[in-house]
Amino acid sequence: MESVEEFLAYAIRLEQDAAERFGQLADAMESSGNREVGKLFRQLADYSRLHLDDARARAGFRKMPEKAPTDFVWPDIESPETAAIWAADPFLGRGQALEIALEAERAGFDYYKHVLETTQDPEIKTLAKEFVQEERAHVAELQKWIAAHRNGLKAPAE
């Protein structure tokens, strides 16, 4: 990361991609009648939109770089929090959906942690640390949901 603006541009893109993918997965689940998993993915899309709004607010007064989607360089083919597209399987169960969501959140955590560990810029370090803490909380929340699911209970946040 060369600048705070670049960091925020990446954070905005990452959260946009996550919100879009979880929204697509929710639509696919709902249209195939799998309403329970659709509701879960819709909730995750909403969480991503909240984080997107936060990243945009932080970028508000800054001159942000103009970047096309192909300008972003990610550790994998897609941005880290983009859930696996195969999750659109209409027979996907709640447990599998939670595992996919957890994998996406862990990838986001790992991405921000890598930025935190490799940047020398103190302002980027401060922002990355906040994003790491946020993603750590998302991972912990999903782990609670998975534990509740395995024990036949409702998810803690529901």
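This is a predicted model: local features need pLDDT of at least 70, side-chain atom pairs count only at pLDDT 80 or more; totals for chains, interfaces and linings use all residues.

Residues are numbered from 1 along each chain as its sequence is written, and side-chain values use heavy atoms, with hydrogens and water left out.

A word on terms. Helices are DSSP runs of H or I with at least four residues, numbered from the N terminus. Axes are lines fitted to C-alpha atoms over the stretch in contact, and angles run from 0 to 180 degrees between N-to-C directions.

I begin with helix 2, residues 35–59. Against helix 3, its packing angle is about 20 degrees, and the two axes lie 9 Å apart. That makes helix 2 roughly parallel to helix 3, the label for angles under 35 degrees. The crossing of helix 2 past helix 3 is right-handed, meaning that the near helix is turned clockwise from the far one by less than a right angle. In this contact (heavy atoms within 4.5 Å), E36, V37, L40, F41 and L44 of helix 2 meet R94, A97, L98 and A101 of helix 3. By class, these residues are 7 nonpolar, no polar and 2 charged; Ala, Val, Leu, Ile, Met, Phe, Trp, Tyr, Cys and Pro count as nonpolar, Asp, Glu, Lys and Arg as charged, and the others, Gly among them, as polar.

Helix 2 also packs on helix 4, at about 170 degrees with axes 13 Å apart. The two are therefore roughly antiparallel, a label for angles over 145 degrees. Among the residues that meet here are Y47 and H51 in helix 2, and F131 and W145 in helix 4. The contact divides into 8 nonpolar, 3 polar and 4 charged residues.

How do helix 3 and helix 4 pack, and at what angle? Helix 3 (residues 94–118) and helix 4 (residues 122–150) make an angle of about 160 degrees, with axes 8 Å apart. Helix 3 is thus roughly antiparallel to helix 4. Their contact holds 15 nonpolar, 5 polar and 10 charged residues.

Finally, the largest pocket contains about 310 Å³ of space. Of its 16 lining residues, D76, E78, S79, P80 and A107 are the closest to the centre. The lining comprises 9 nonpolar, 3 polar and 4 charged residues. On a 1 Å grid over the protein atoms alone, a pocket is an open set of points where a 1.4 Å probe fits, with protein on both sides within 12 Å along at least five of seven lines, and lining residues have an atom within 4 Å of a point. The volume is the space filled by probe spheres set on the points.

Key:
Angles under 35 degrees count as roughly parallel, over 145 as roughly antiparallel, 65 to 115 as roughly perpendicular and the rest as oblique.
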